[in-house]
Structure formats: structure tokens, C-alpha cells
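User: I have a model open and want to learn how to read it. Can you take me through a residue and then a cavity?

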Amino acid sequence: LVNQVVSHLIQGIRSQGGSFSSIERLGAGSYYEHVKISEPNEFDIMLVMPVARLQLDECDDTGAYYYLTFKRNPKEKYLLKFLDEDGKLSAFKMLQALREIIKQEVKNIQDVEVTVKRKKAGSPAITLQIKHPPAEISVDIILTLEVQQSWPPSTQDGLKIEQWLGRKVRTEFRYKSLYLVAKQNKREKVLRGNTWRLSFSHIEKAMMNNHGSSKTCCESDGPKCCRKGCLKLLKYLLEQLKMKYPKELEKFCSYHVKTAFFHSCVMWPNDTDWQLGDLDHCFQNYLGYFLDCLQKSQLPHFFIPKYNLLSLEEKMSNDFLSRQINYELNNRFPIFQY
């Protein structure tokens, strides 16, 4: 159903010519990494636009957010209308234009009821609701630029996978395109909507799907590991806790858990560290690492090591989550006994 709706939209968007005629789709997020938990009711679809060359200027000290300007005369003349008064490519203007096209296009979808949800401030996504009785499916459409140039300096010391997946794989990954998503930087004093955030969804998906130190890990005839099982458990734990304490835990999302997961794969790089029968032990190790991060308010972004995903300013939330997880751990996870 989701594929049908998205294919229809992409055809519609492309047929308009102009700015978005070259978009491609890329399934990102948990469903496409096969680590979706609970119902398949949320999907992330990246709409990827190739752009020739861009100049990236860091807009803060995280190394994750950038202002984009064109070098020389861009081939993409149609993008010039999305520049702001300083000549920066405005994520806000591009999202607005894409949103308008999508709003028109969903009206042409006959056999499914699709609506575009109201804009959430600072969200990089255009969210579709698909009526699918008895439930609803939400699809986040994320505008993504694909730039074929080398990754910026802030990523230099990230992706430390040499011991786990090998140096060759790291080199291959770093030759892949750079993705930038239209994401508002909350730290900006004035929210002008012209910042873009690096995205590594394509690399994360590749790591998830080839996660073994041996090439045959989890292949049909190869040995099975419990890496994804551990990730799903912690995702589920966080999801349940967020349902119980929505206010206190609102800043946490599955990306925190996923980042801690990648760091754990590096700390325990061998397939023998994640044997299928050792799920409980492996989960405790991974959970222990995550608790450690919460306690120190320190979880470095896997690709941008200087970017801390758990800032000290939010120490109270970090401590709160830490207490809840410790309670679950010491009481044999009552939240799993539904």
C-alpha cells in the first residue's frame, strides 16, 4: 500500500518537470533495515535529489549541520529560486515547494485515502496519513540532497569499523555520496530554516544488512547472531517506556538506541561475541553500554564523533531514563510482561 502511494507521488512529482524532476526514492529507517518492532505503521521514505557540487559550511560546533551554497554557476538553474537572501540554499523553501506539489498530487490518488498532515515546526518530514482500516499508516517523506563529493572533515574520525567490518569496507563507505536532509537546527538563534543536516541512512542500512565480521553471518546457510535481536529489544524497551512517560522521555528516539548499537558492534566486533544462544548476555552488555552513556550524558554520533547526542543540558532526562532502565533490569523487565 505504501509503495503504491509513494510510486504514484513520485510519478506525479517528476511529471511536473522543474526542480524535483530528478528525484529517486530510498527506503530508510527501521522497516528497511528489518529491525521494525510492533506494527508496520510508520515508514520513512527519502526522496533523493542529485545535486552536482555544493559548498558546505558548518553552522555550529556539532559538525552535523551545514549551510549550503553553490560553487560557481550551478547546472541546477532550477534550484536558484530556493536561495535565500544570503545565497544559501533554503531547506524551508524547498520543503514548502515539495509539500505544495504533494498536497496537489494526493488528490489524484483514487483508490486510497491519503492526507498530508499539518506541518510540525522544525520537522524535516512531510508526513502522509494513509487510511487503512482499522488503523492508519504514517509515511514520513524526507527531502534529501545527494552530493557526490567527499565527506566533510567532521566525519574524519567517525565510522570506526575497522575491527568489526574491516578497513576496506570503511573505505568503500566513505566513497559513497554524501546525503543532506532538510533539517532545522534547533540551536540556531534565529530559526531561518536554511540549515541541512548530514544523513548516513544509506550507510546505516548497509551496516545493518551486512553486520557480521564474517561474510556469511545470518545468511540462509550461515551462522546466526543476535545483534538485531538485541537492537530490537532495546528499541522495544525505549518505545514502551516512552509510552509510559511521554513527557519525561520525549527527547529520546530510536536513533539514540541505534547509535549505541553501532558503538557496541565496534566494542564487541566478532560474531562469536553475539552468538544466537547468548541473547540475554549480549543484551545486558549492550544495555550496560547504553546506561553508561546516559550516566555520562555522552553518546557520540557514530559518524561525527564530536557531535554528542546526549547533551549535559539534558542531564535530568538522561538520569530519568537511566533510572527507569535500571528498575527494569533489576526487576527482570516487568515492562516486557504484557
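**Reading a residue, then a cavity**

Analyst: Let us start with Arg-170, which sits in helix 3, spanning residues 167–174. Keep in mind that this is a predicted model.

User: Is Arg-170 buried or exposed?

Analyst: Look at relative accessible area; under 20% means buried. Arg-170 has 12%, so Arg-170 is buried.

User: Which residues is Arg-170 in contact with, leaving aside neighbours within four places in sequence?

Analyst: Thr-155, Gln-156, Asp-157, Gly-158, Leu-159, Ile-161 and Glu-162.

User: Now the cavity. How many cavities of 30 Å³ or more are there?

Analyst: A cavity is a space where a probe fits but cannot get out. The count here is 1. The volume of the largest cavity is about 60 Å³.

User: Which residues line the largest cavity?

Analyst: Leu-95, Gln-96, Arg-99, Lys-119, Ser-123, Ala-125 and Ile-126. By class, the lining has 3 nonpolar, 2 polar and 2 charged residues.

User: Which elements each supply at least two residues of that lining?

Analyst: Helix 2 (91–106) and strand 6 (125–132). Helix 2 gives the largest share, 3 residues.

Notes: Residues are numbered from 1 along each chain as its sequence is written. This is a predicted model: local features need pLDDT of at least 70, side-chain atom pairs count only at pLDDT 80 or more; totals for chains, interfaces and linings use all residues. Side-chain values use heavy atoms; hydrogens and water are left out. Helices (H or I, at least four residues) and strands (E, at least two) are DSSP runs, numbered from the N terminus. Buried means under 20% relative accessible area, exposed over 50%, partly exposed in between (1.4 Å probe, protein chains only). Contact means heavy atoms within 4.5 Å. On a 1 Å grid over the protein atoms alone, a cavity is a set of points where a 1.4 Å probe fits but cannot get out, and a pocket is an open set with protein on both sides within 12 Å along at least five of seven lines; lining residues have an atom within 4 Å of a point. Grid points are joined across faces, edges and corners, and a volume is the space filled by probe spheres set on the points. Ala, Val, Leu, Ile, Met, Phe, Trp, Tyr, Cys and Pro count as nonpolar, Asp, Glu, Lys and Arg as charged, and the others, Gly among them, as polar.
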